[in-house]
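Hi there,

Here is the structure I promised to pass on. Have a look at it first, and then read on for my notes.

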Amino acid sequence: MPLVRRIADAGCNLADTRVSTLGSDVCVILLAQGSWDAVAKLETTLDKLAREDRDLHLVHYRTQARAAQTHLLPYLVEVIAADRSGVLADVIEFFTRNGISIEQLTSMRYQAMQTGAGMFQAQITIGIPADSHIATLRDDFLELCDRLNLDAIMDPVKF
């Protein structure tokens with residue numbers, strides 16, 4: 001991957017990396033860190049790389065370190081259902097309405113091997129405020145899932 005080499009050559013380090021294939025594209029999110037001059041060198045290198053390689057679509061900008069979220073408890077939500085429009089939107093709206101932050105989300109649709117049925121799956125890491133009543137939130141979430149005919153779990157992240 002030419003981006004990783006260019007980051008190292010500029011004198012920066014990779015702090016975080018996410019890679020995913022979406023359709024026929026490979027999407028990469030990289031968080032590079034370094035001294036101000038190393039970051040400036042990297043920015044120049046990335047601009048040059050974007051001009052040289054027309055098949056590569058680059059967006060880069062400076063961001064700030066995220067403040068620790070010590071008041072949020074990490075929970076993992078997994079949802080599986082028959083594929084239909086709006087399932088993910090309903091789940092996200094539930095958490096948003098209840099003041100729950102979505103920290104990470106991965107979803108996909110697939111065909112069940114056994115039956116060929118169209119299926120939907122999502123894994124969502126959420127941040128629940130520590131002063132929330134977890135049992136009530138879980139009950140409300142599972143009630144929503146029952147109403148929407150979703151199979152779901154909500155468990156604390158254990159690592």
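To start with the charged pairs: with which residue does Arg-18 form a salt bridge? The partner is Asp-16, and the closest N and O atoms of the two are 3.1 Å apart. Please keep in mind that this is a predicted model. Arg-18 is partly exposed, at 40% relative accessible area, and Asp-16 is partly exposed too, at 32%.

The structure has seven salt bridges. Among them is the one between Glu-52 and Lys-48, where the closest N and O atoms lie 3.8 Å apart. Both residues belong to helix α2 and sit four residues apart, about one turn of the helix. Glu-52 is partly exposed at 49% relative accessibility, and Lys-48 is partly exposed at 46%. Because they are four residues apart in α4, about one helical turn separates them. Here Glu-143 counts as partly exposed, at 48%, whereas Arg-147 counts as exposed, at 58%, because the cut-off for exposed is over 50%.

Now back to α2, which covers residues 36-52. Its 17 residues should span 24 Å at 1.5 Å a residue, and the end C-alpha atoms are 25 Å apart, so the two agree. Which residues of α2 are buried? They are Ala-38, Val-39, Leu-42, Thr-45, Leu-46 and Leu-49. These residues cover an arc of only 120° around the axis, so they are on the same side of α2. They pack against α1 (2-9) and β2 (25-33). On the face turned away from that buried side are the exposed residues Trp-36, Thr-44 and Arg-51.

Finally, the nonpolar cores. The largest has 22 residues, and those touching the most other members are Val-77, Val-79, Phe-95, Ile-126, Ile-128, Phe-141 and Met-154. Two or more residues of this core come from each of β3 (72-82), α3 (87-97), β5 (118-129), α4 (134-148) and β6 (151-156). A second, separate core has nine residues, including Leu-3, Ala-38, Leu-42 and Leu-46. In soluble globular proteins, nonpolar side chains tend to be buried together.

Leaving out residues up to four places away in sequence, Met-154 touches Tyr-75, Leu-76, Val-77, Phe-95, Ile-126, Ile-128, Ile-134, Leu-137, Arg-138 and Phe-141.

Best wishes

Terms used
Residues numbered from 1 in each chain as written. Predicted model: local features only at pLDDT ≥ 70, side-chain atom pairs only at ≥ 80, totals over all residues. Heavy atoms only, no water. Core = buried A, V, L, I, M, F, W, Y, C linked by side-chain atoms within 4.5 Å. Buried < 20%, exposed > 50% of the residue type's maximum accessible area, 1.4 Å probe, protein only. Contact = heavy atoms within 4.5 Å. Expected span 1.5 Å × (residues − 1). Arc of directions from axis to C-beta. Salt bridge = Lys/Arg side-chain N within 4 Å of Asp/Glu carboxyl O.
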